[in-house]
Amino acid sequence: MTKEQALQYTKYAAKKALDELEKQRSVRFTLKDEIPSVFESKIGGVPYFPSDAEIPVDSNGNPLRFLMQIKCSDIQGLDCFPKQGMLQFWICADDCWGMCDKKGFRVIYYDAISDSTITPQMPAFNDMEKEFFPLKGEYGVAFLPTVEDAPKNSTEYEEAFCKYFNEISGEAIKSPYDLKFKLNLPFDILDEAVYNDNSAHGHKVGGSSDFCQYDPRETIEQQKKYDFQLLQMCSDFRSDSTKIMWGDAGICHFFINSEKLKNCDFRDVLYYCDCC
């Protein structure tokens with residue numbers, strides 16, 4: 001098999017596999033430089049804070065840091081997502097972003113947005129926290145409902161890809177990586193045709209997930225338990241500016257069970273970050 005044939009076969013198999021798998025709804029968002037009010041969806045800065053609220057703390061009593069809030073009425077097209085209120089995400093500003101502490105993160109839901117608010121005394125960041133905290137400013141967000149392909153890093157995609165590749169090529173690969181290790185084809189073919197243009201990447205609510213390392217929901221039971229992506233926030237940077245940076249160009253996730261989400265029950269959320 002020539003390199004040209006392999007490229008043709010992999011592109012065909014990738015398209016057939018994506019066409020076969022169920023599309024997923026998500027609401028993607030981009031960052032805006034305009035500073036929003038505390039009553040709007042926003043990243044960083046001062047959050048919406050009702051008069052009876054308290055800043056959440058970690059296991060040592062240290063205050064968590066505000067990451068993002070979503071005005072629920074901004075999210076359209078996701079049936080299980082709350083229709084009103086404000087949803088907030090808080091994390092530690094340590095070198096693990098709170099993942100090593102059972103109280104190192106918090107998801108807080110206010111079922112209504114009241115005009116009676118206060119400006120909380122947000123503690124100043126020390127030099128270490130400034131270095132580790134992923135946000136480099138305060139930003140507004142613009143949401144866009146969309147429908148996206150299933151993730152190319154999923155088991156379902158890889159199985160479907162191998163099925164279609166074998167049908168057209170006459171080979172018998174069991175994994176896309178057999179293109180390298182069994183057929184001795186360069187990794188550039190594997191990346192170009194099998195995994196590139198992964199629609200899972202980007203800031204979003206819902207939809208499929210992108211990971212730098214692996215999906216923390218390693219078993220089928222875990223995937224069912226935390227079947228809805230409450231938030232995916234990626235590193236957001238260009239050569240001339242950095243707005244968000246999770247370690248070395250990493251990604252942050254919050255997962256929840258979709259039935260619990262329908263009931264606005266945020267007591268059991270899986271939080272995970274990884275980087276290159």
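**Figure 1. Surroundings of tryptophan 246 in the predicted model.** Tryptophan 246 is in contact with Leu67, Ile91, Trp97, Pro134, Met233, Cys234, Ser235, Ile251, Cys252, Tyr271, Cys273 and Cys275, its neighbours within four places in sequence being left aside. The model is predicted. Trp246 is also among the residues with the most contacts inside the largest nonpolar core.

**Figure 2. The largest nonpolar core, of 40 residues.** Ile43, Met68, Phe81, Phe89, Leu230, Trp246 and Phe254 have the most contacts inside this core. At least two core residues are supplied by each of strands E1 (24-32), E3 (65-71), E4 (86-91), E5 (105-110), E6 (139-148), E8 (228-234), E11 (251-256) and E12 (270-274). The largest share, 4 residues, comes from E8. Another core, of 22 residues, lies apart from this one and includes Tyr9, Ile173, Leu183 and Leu185. In soluble globular proteins, nonpolar side chains tend to be buried together.

**Figure 3. Tryptophan 97 in the loop between E4 and E5.** The phi angle of tryptophan 97 is near 55 degrees, a positive value in a residue other than glycine. With a relative accessible area of 7%, tryptophan 97 is buried. Trp97 is one of the residues in contact with tryptophan 246.

**Figure 4. Alanine 249 in the loop between strand E10 (241-244) and E11.** Alanine 249 is not a glycine, yet has a positive phi of about 60 degrees. Its relative accessibility is 25%, so alanine 249 counts as partly exposed.

**Figure 5. Valine 205 in strand E7 (residues 204-206).** The relative accessible area of valine 205 is 0%, so the residue is buried. Beyond residues up to four places away in sequence, valine 205 touches Ser26, Val27, Ile70, Ile75, Leu78, Phe81, Phe228, Gln229 and Leu230. Of these contacts, Phe81 and Leu230 are also listed among the residues with the most contacts inside the largest nonpolar core. Valine 205 and isoleucine 256 are separated by 51 residues in sequence and by 11 Å in space, C-alpha to C-alpha.

**Figure 6. Glutamate 129 in helix H2 (residues 127-132).** Glutamate 129 has a relative accessibility of 15% and therefore counts as buried. Residues up to four places away in sequence not being counted, glutamate 129 touches Arg65, Ala93 and Ala124.

**Figure 7. Packing of helix H1 (residues 3-20) on helix H5 (residues 187-195).** Two packed helices are described by the angle between their axes and the distance between the axes. For H1 and H5, the axes come within 8 Å and cross at roughly 25 degrees. H1 is therefore roughly parallel to H5. The crossing of the two helices is right-handed. On the H1 side, Lys3, Ala6, Leu7, Thr10, Lys11 and Ala14 take part; they meet Asp188, Ile189, Glu192, Ala193 and Val194 in H5. By type, the residues of this contact are 6 nonpolar, 1 polar and 4 charged.

**Figure 8. Packing of H1 on helix H3 (residues 155-169).** The axes of H1 and H3 are 8 Å apart, and the helices pack at an angle of about 135 degrees. This angle makes H1 oblique to H3. H1 passes H3 in a right-handed crossing. H1 contributes Ala6, Tyr9, Thr10, Tyr12, Ala13, Ala14, Lys16, Ala17, Leu18 and Glu20 to the contact, and H3 contributes Tyr157, Ala160, Phe161, Lys163, Tyr164, Phe165, Ile168 and Ser169. These residues divide into 13 nonpolar, 2 polar and 3 charged.

**Figure 9. Glutamate 4 in helix H1.** With 59% relative accessibility, glutamate 4 counts as exposed. Glutamate 4 and isoleucine 189 are 185 residues apart in sequence, and their C-alpha atoms are 9.3 Å apart in space.

**Figure 10. Isoleucine 173 in the loop between H3 and helix H4 (178-181).** Isoleucine 173 counts as buried because its relative accessibility is 3%. Its neighbours within four places in sequence aside, isoleucine 173 is in contact with Phe161, Cys162, Phe165, Asn166, Asp178, Leu179, Lys182 and Leu183. Phe161 and Phe165 are also among the H3 residues in the contact with H1. Isoleucine 173 and serine 73 are 100 residues apart in sequence and 47 Å apart in space, C-alpha to C-alpha.

Notes
Residues are numbered from 1 along each chain as its sequence is written. This is a predicted model: local features need pLDDT of at least 70, side-chain atom pairs count only at pLDDT 80 or more; totals for chains, interfaces and linings use all residues. Side-chain values use heavy atoms; hydrogens and water are left out. Axes are lines fitted to C-alpha atoms, for helices over the stretch in contact, and angles run from 0 to 180 degrees between N-to-C directions. Angles under 35 degrees count as roughly parallel, over 145 as roughly antiparallel, 65 to 115 as roughly perpendicular and the rest as oblique. A crossing is left-handed if the near helix is turned anticlockwise from the far one by less than a right angle, and right-handed if clockwise. Contact means heavy atoms within 4.5 Å. Ala, Val, Leu, Ile, Met, Phe, Trp, Tyr, Cys and Pro count as nonpolar, Asp, Glu, Lys and Arg as charged, and the others, Gly among them, as polar. Buried means under 20% relative accessible area, exposed over 50%, partly exposed in between (1.4 Å probe, protein chains only). A nonpolar core is a set of buried Ala, Val, Leu, Ile, Met, Phe, Trp, Tyr and Cys residues joined through side-chain atoms within 4.5 Å.
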